[in-house]
Amino acid sequence: MIILAIDALEYSLVEKFDCNNLKQEYYGKTDISEFSEPRTMVLWSSFMTGKNMEREILAKGDKEMWNTKIELKDTFFNGFKNPRIIDLPGFNYVKEHHEQERVLLKNYFDAKTDEEKDKIRKAYNNLAFEHHRRIKQEFSAALNDDHDLLLGYFSVADVVGHLNFGNRTMMKMIYRDLDEIAGSIKDTYIVLSDHGMEKLGMFGDHSGYGFWSTDFNELENPRITDFAGLIKEIQV
Amino acid sequence: MSEKYGIIKVPEELITKIKERIQGTEFNSIDEYATFVLEEVVKETGEEEPEEVFSEEDEHKVKERLRALGYLD
Ligand SMILES: [Zn+2]
């Protein structure tokens with residue numbers, strides 16, 4: 001079983017750009033209305049544990065929240081013999097890298113001039129693309145290894161989207177690349193996002209639903225916490 | 001798949017700009033980027049939304065949203 005965990009993959013853009021590998025046979029929106037806000041850390045933590053983790057994560061506060069590290073035994077990954085999880089927030093993501101992104105994001109908003117903002121935005125995008133390439137390589141190498149569960153977490157659509165969602169060419173380029181990654185998977189896979197993204201001028205805000213797709217099962221408005229049970233069920 | 005290619009002339013200045021733009025992106029060459037952009041434009045039906053431009057009001061809104069989502073202190 002392979003899981004493509006894509007942060008902020010937006011249903012309407014998958015449709016618009018006609019990303020067939022991301023869509024697979026069955027696809028739709030997830031229901032995340034039980035959460036007060038579509039927060040990345042809350043949603044992925046809830047996904048891996050199969051239960052709503054909002055209260056627990058929010059209790060840590062906005063800063064400490066990003067240091068969340070849920071143990072293997074508390075996740076559904078534990079039901080697999082040889083799971084491989086790549087860069088997942090709340091589990092094993094490269095904290096320093098994602099921290100660096102948030103620092104640049106803050107610098108962007110603090111910058112006073114257009115030139116400064118432009119420079120920071122470029123550095124921010126480059127950092128996200130560089131990381132994306134690294135994760136992509138790691139993921140594609142892991143596809144050849146013998147794992148009964150492989151999860152790759154891709155953050156580029158979220159990170160770049162926040163400052164560039166109104167830039168259709170850039171977003172299309174990202175979606176095209178993510179679609180290619182999905183196309184390179186030869187086994188059964190699930191595509192899942194925590195939330196989508198909606199346009200706020202040239203910027204992007206989280207939308208109030210996520211995205212899912214499979215090629216084996218039509219799901220009716222699944223909640224993000226349903227996948228733990230679902231994946232365990234279909235595991236043979 | 002074998003595709004045939006042709007040559008088009010564009011100003012040097014534009015090439016320099018594209019070079020800068022594709023740095024750190026998935027595009028491996030200027031040709032690849034130019035093909036991608038031209039495909040997009042040719043395909044354009046006229047009913048597509050225009051590219052967005054910067055506005056301070058939007059920036060302010062997104063900043064507040066990012067704060068609510070825990071990205072900014
Ligand atoms: Zn985000």
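Analyst: The side chains of A:Lys106 and A:Asp110 meet in a salt bridge, with N and O 2.8 Å apart. A salt bridge here is a side-chain nitrogen of Lys or Arg within 4 Å of a carboxyl oxygen of Asp or Glu. Both residues lie in helix H6 of chain A, four residues apart, about one turn of the helix. Helices (H or I, at least four residues) and strands (E, at least two) are DSSP runs, numbered from the N terminus.

This is a predicted model: local features need pLDDT of at least 70, side-chain atom pairs count only at pLDDT 80 or more, and totals for chains, interfaces and linings use all residues. Residues are numbered from 1 along each chain as its sequence is written, chains are lettered from A and ligands numbered from 1 in the order written, and side-chain values use heavy atoms, without hydrogens and water.

How open is the pair? A:Lys106 has 35% relative accessibility, so it counts as partly exposed. A:Asp110 is partly exposed too, at 36%. The cut-offs are under 20% relative accessible area for buried, over 50% for exposed, and partly exposed in between (1.4 Å probe, protein chains only).

Another pair in chain A is A:Lys73 with A:Asp74, whose closest N and O atoms are 3.4 Å apart. A:Lys73 is exposed at 54%. A:Asp74 is partly exposed at 40%.

Now look across the chains. B:Arg65 forms a salt bridge with A:Asp205, the closest N and O atoms being 2.7 Å apart. This pair runs from helix H3 (residues 56–68) of chain B to strand E7 of chain A. A:Asp205 is buried, with a relative accessible area of 7%. B:Glu52 also bridges to A:Lys199, at 3.0 Å between the closest N and O atoms. The rule finds four salt bridges across the interface of chain A and chain B. Over all chains, the whole structure has 15.

The setting of these cross-chain pairs is the contact between chain A and chain B. It takes 38 residues from chain A and 31 residues from chain B, where contact means heavy atoms within 4.5 Å. The two chains bury about 3400 Å² between them, 54% of it on carbon and sulfur atoms. Buried area is the accessible area (1.4 Å probe) that two parts lose on being put together, summed over both.
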